[in-house]
Amino acid sequence: MSDLIFGTDGIRGPVGHYPLDPGSLLKIGVAAANVLGKKGGKVIIAKDTRVSGYIFESILEGALLSSGMDVYLTGPITTPALSYYTKRYQFDFGVMISASHNSFYDNGIKFFNSEGHKLDGEIENAISEAFYKNEFQFLDADSVGKAKRLPIGINNYIDYCISKFPEHFLSGFKLVLDASHGAGFKSAPRIFAGLGADVLPVGCSPNGYNINDRCGSTSPGLVSQLVKNGDYQVGVAIDGDGDRVVLTDEEGSIINGDKLIYILAKHYKDKGTLDSPIAITVTSNLGLKKSLQKLGITVLETDVGDKNVSSALRNSGGFLGGETSGHIINLNYNATGDGTLAALQVLLVMHETNKTLKDLASELMLIPSKSLNIEIDLAKRHSIENFCHKFTQNKNNELHGQSRVLARLSGTEPKVRLLIECDDLETQDQIANEFTEEIGKLK
């Protein structure tokens, strides 16, 4: 049932369309209060910078107040900041209004439990069931909650991030920072500068409509060009809600999540501080998995989604993992993916090893890959899902483990995603063409 409203990362979709229309938003808020909260409890609501956040914030605030909960509003802060505040200040749960890396046309809701973790499938199912029951009851005036602005704003999170690293360790670093005109537009520049970096900020002028617009972690070309044209050691690009990051080295080459995970894992292994598994997803490059195993590191593979990575780490006693997209989780720093903290961890490796990012990234050889994203009609999702499963299975049987194919439905957009990893570029193209032709007959 939960797949009707919950995707890979919360609830996401076009603003004003089910389940993100006003009536459904009200029901979602009440359902979340029934499952995660209690009368007299308290909840924190944050949002990114997209213009529709005002509407979502007001509706969810009303739903939660009517359920008897006190609501604390933060305004625009990042998803990892919300996660940190939810646990640090003992909220019953947290609500992040964001569609992450999507354009301003979309919005969404991410829920965090009292420990700052994203919800597991069982809890999402419970919220879905409460949503479909539609048991909305407005409480009497003496039972409704109160709404307040969280007085600390973003400052405590900034101080926390700075406190996790050696004082002024970035002195002498020149970097370009792209905040994607998103939720990190205030906090990220202050954090890097607070640790001593000389920061060129871009993507830090949100207007409600330009979030993720040809900038940020999904479009790092801007940062790459600025780094190449200037005297910078690194470029940092986070996404609209600040939970993912990609870097560029001093030559402007893009360093994705797989390489970032490897850099951190190898460094911790070399220092003797890593004796637990690393968690990655099924979309992580096969070269990463093999390289980590050569270092003697146990690798756990999960379904797509950083919440699955986090769950695998907590269940196995691990602390480090992530996704190719740049969701990097280090449970020693935060309970969820944090683009700013992940970038700082890599910069600390550069500082401690006296190596450039190019040198560190070159230690991992990834298998050449090709990706396709094809829009689909969700009414045909079941037939397309079955086709993707069979296509993946058949192609991997043909490739005999030397290369691999993964076709799957996106959990965040109405698209099907194809990943091909193969040293032979001609074979890559053949598989891509075959898939495109066959999926065209279905969609």
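In the predicted model, 44 residues line the second largest pocket, and those nearest its centre are Arg244, Thr324, Ser325, Arg408 and Arg417. The space in this pocket amounts to about 1200 Å³. Rolling a probe the size of a water molecule over the atoms shows where empty space of this kind is left. By class, the lining comprises eleven nonpolar, 21 polar and twelve charged residues. Three elements, β16, β17 and β18, each give two or more residues to the lining. The largest share comes from β18, with five residues.

Six bridges connect β17 with β18 (residues 415–421) in the antiparallel sense. Within this pairing, arginine 408 stands opposite arginine 417 in β18. Both arginines are among the residues that lie nearest the centre of the second largest pocket.

Strand β7 (residues 174–178) runs parallel to β8, and five bridges join the two. In this pair, leucine 177 is placed opposite proline 201 of β8. In general, strands of a sheet pair through backbone hydrogen bonds, either parallel or antiparallel.

Helix packing was examined for α5 and α6. Two packed helices are described by the angle between their axes and the distance between the axes. For α5 (residues 155–163) and α6 (residues 187–194), the axes come within 9 Å and cross at roughly 35°. The crossing of α5 and α6 is right-handed. On the α5 side, the contact is made by Asn155, Tyr157, Ile158, Cys161 and Ile162, which meet Ser187, Arg190, Ile191 and Gly194 of α6. The residues of this contact divide into five nonpolar, three polar and one charged.

Two loops have backbone features of note. Most residues other than glycine have a negative phi, and most peptide bonds are trans. The peptide bond from tyrosine 18 to proline 19, however, is cis, with omega near 0°. Proline 19 is located in the loop between β1 (11–14) and α1 (22–36). Glutamine 90, although not a glycine, has a positive phi of about 55°. The loop that contains glutamine 90 lies between α3 (79–88) and β4 (93–97).

Notes:
Residues are numbered from 1 along each chain as its sequence is written. This is a predicted model: local features need pLDDT of at least 70, side-chain atom pairs count only at pLDDT 80 or more; totals for chains, interfaces and linings use all residues. Side-chain values use heavy atoms; hydrogens and water are left out. Two strands pair if DSSP finds at least two bridges between them. Helices (H or I, at least four residues) and strands (E, at least two) are DSSP runs, numbered from the N terminus. On a 1 Å grid over the protein atoms alone, a cavity is a set of points where a 1.4 Å probe fits but cannot get out, and a pocket is an open set with protein on both sides within 12 Å along at least five of seven lines; lining residues have an atom within 4 Å of a point. Grid points are joined across faces, edges and corners, and a volume is the space filled by probe spheres set on the points. Ala, Val, Leu, Ile, Met, Phe, Trp, Tyr, Cys and Pro count as nonpolar, Asp, Glu, Lys and Arg as charged, and the others, Gly among them, as polar. Axes are lines fitted to C-alpha atoms, for helices over the stretch in contact, and angles run from 0 to 180 degrees between N-to-C directions. A crossing is left-handed if the near helix is turned anticlockwise from the far one by less than a right angle, and right-handed if clockwise. Contact means heavy atoms within 4.5 Å.
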